[in-house]
Amino acid sequence: MLALFRTNKFFANIFLLFYILILWASIFFVDHETVSSNGGIFYSNIDSYLEVGSLQRKILAMIFVFLQAVIINFLVSRQKMTEEITLLPGVFFILFSSFSPQFFDLSPQMFGNFFLILALNEIFGTYNKYSCADSIYNIGLFIGLASLFDFSYTIMLLLAVLGLGVMRAIKLKERLMLIVGFFSPYVLVMIYKFWTNDIEGFYTLQFSKNLAFLDFDIEYNLHSGYIIGFFGLCVLVAIFSMKTYAYRMKISIQKSLNILYMLLAISILSLLFQKSLNLQHILVLIPALSIFISINFVKMPSHWGEILHLGMLVSVLVWQFFPLLNF
């Protein structure tokens with residue numbers, strides 16, 4: 001199956017649509033348990049319009065994951081981060097986003113990842129540019145928007161500061177542009193809330209109901225162990241493949257990979273201060289992991305890649321349709 005995605009033709013992203021339909025097919029047949037995550041003020045508004053666990057909400061989530069997979073492929077292709085340009089980053093973004101039935105929801109992390117990917121694209125685009133004030137402002141803006149959907153993405157402002165420091169000799173005024181971009185959506189929301197006399201509601205929805213330290217809301221069972229174990233293994237693979245990823249790569253690509261490692265570390269750090277942490281928060285790790293693991297598959301012999309991918313695909317589908325199996 002992976003042979004379909006070993007191409008540099010952008011229009012071939014349409015195959016990702018069929019791929020995600022296979023992986024999300026269970027939403028039409030199985031009544032999966034739905035887990036709600038605490039979100040920021042923007043997510044709270046969306047959450048009030050779409051019933052949690054509804055089919056419409058799951059279909060919208062599926063479409064949203066597909067769009068993010070396409071953007072991930074564009075980002076990796078634009079930066080030429082792999083030895084050959086393929087659609088595998090999008091494939092693994094979809095696969096990882098489908099690993100648990102609890103991911104089949106229009107969660108705050110999905111919105112956060114969307115704006116985080118856009119911010120990453122802007123960070124990578126600042127390399128060797130003399131003037132990129134618009135990009136730096138956009139980086140702050142996208143991270144600010146992400147944090148208004150999921151409070152834990154606030155820490156991604158650290159990624160922006162460190163990432164820009166890797167890509168360029170960032171000046172003080174550029175750091176100020178970044179901060180202004182980040183707070184721009186906050187200022188607009190606060191003005192609206194002040195106008196509607198609901199500043200306290202903004203503080204409650206955005207901060208007090210989201211901020212806590214090591215506040216886990218995870219039921220420890222076979223399912224959670226399977227998910228945590230798998231993604232923990234992927235993190236270890238990415239860490240131990242560091243030299244392999246950077247081997248004979250251009251300086252610009254090595255810098256991009258370093259930023260992805262920063263993203264991975266900061267994503268793990270973000271899990272420490274989110275209130276009522278559940279399995280959906282693992283989605284924060286997926287943008288970086290999908291790129292890293294796709295590089296591993298590009299570098300390994302194609303037949304081994306097919307076998308490993310098929311094993312992961314089958315295990316995901318079996319797990320999703322398991323409630324229909326009568327033993």
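Q: To begin, what do buried, exposed and partly exposed mean here?
A: Buried means a relative accessible area under 20%, exposed means over 50%, and partly exposed lies in between, with a 1.4 Å probe and protein chains only. The model is predicted, so local features need pLDDT of at least 70 and side-chain atom pairs pLDDT 80 or more, whereas totals for chains, interfaces and linings use all residues. Residues are numbered from 1 along each chain as its sequence is written, and side-chain values use heavy atoms, without hydrogens and water.

Q: Is I22 buried, partly exposed or exposed?
A: I22 is partly exposed, because its relative accessible area is 38%. I22 belongs to helix α1, which covers residues 14-23; helices are DSSP runs of H or I with at least four residues, numbered from the N terminus.

Q: Which residues is I22 in contact with, leaving aside its neighbours in sequence?
A: Beyond the neighbours within four places in sequence, I22 is in contact with M1 and L317. Contact means heavy atoms within 4.5 Å.

Q: And how are I22 and Q79 separated?
A: I22 and Q79 are 57 residues apart along the chain, and their C-alpha atoms are separated by 29 Å.

Q: Moving on, where is Q320, and is Q320 buried or exposed?
A: Q320 is in helix α14. Q320 counts as buried, because its relative accessibility is 0%.

Q: What does Q320 touch?
A: Not counting residues up to four places away in sequence, Q320 touches L23, S26, V30, H32, S98, P101 and F104. The C-alpha atom of Q320 is also separated by 8.8 Å from that of I27, although the two residues are 293 apart along the chain.

Q: Which helix does α14 pack with, and at what angle?
A: Helix α14 (residues 302-321) packs with helix α4 (residues 88-97) at about 30°, and their axes are 11 Å apart. That angle makes α4 roughly parallel to α14, a term for angles under 35 degrees. The axes are lines fitted to C-alpha atoms over the stretch in contact, and the angle runs from 0 to 180 degrees between N-to-C directions.

Q: What is the hand of the α4 and α14 crossing, left or right?
A: The crossing of α4 and α14 is left-handed, that is, the near helix is turned anticlockwise from the far one by less than a right angle; clockwise would be right-handed. On the α4 side the contact is made by V91, F92 and L95, and on the α14 side by H309, M312, L313 and V316. By class, this contact of α4 with α14 has six nonpolar residues, one polar residue and no charged residues. Ala, Val, Leu, Ile, Met, Phe, Trp, Tyr, Cys and Pro count as nonpolar, Asp, Glu, Lys and Arg as charged, and the others, Gly among them, as polar.

Q: How do the axes of α3 and α4 cross?
A: The axes of helix α3 (residues 55-79) and α4 come within 7 Å and cross at roughly 145°. The crossing of α3 and α4 is right-handed. V65, Q68, A69, I72, N73 and V76 of α3 make the contact with L88, P89, G90, F93, I94 and S97 of α4. The classes in the contact of α3 with α4 are eight nonpolar, four polar and no charged residues.

Q: How do α5 and α7 pack?
A: Helix α5 (residues 108-124) and helix α7 (residues 156-167) pack at about 20°, with their axes 10 Å apart. The angle makes α5 roughly parallel to α7. Their crossing is right-handed. In α5, L116, L120, I123 and F124 meet M156, L159, A160, G163, L164 and M167 in α7. That contact has nine nonpolar, one polar and no charged residues.

Q: Finally, how many disulfides does the structure hold?
A: The structure holds zero disulfides, a disulfide being a pair of cysteine sulfur atoms within 2.5 Å. C132 is buried, with a relative accessible area of 2%, and C234 is buried, with 6%.

Terms used. Helix = DSSP H or I, 4+ residues; strand = E, 2+ residues; numbered from the N terminus. Parallel < 35°, antiparallel > 145°, perpendicular 65-115°, else oblique.
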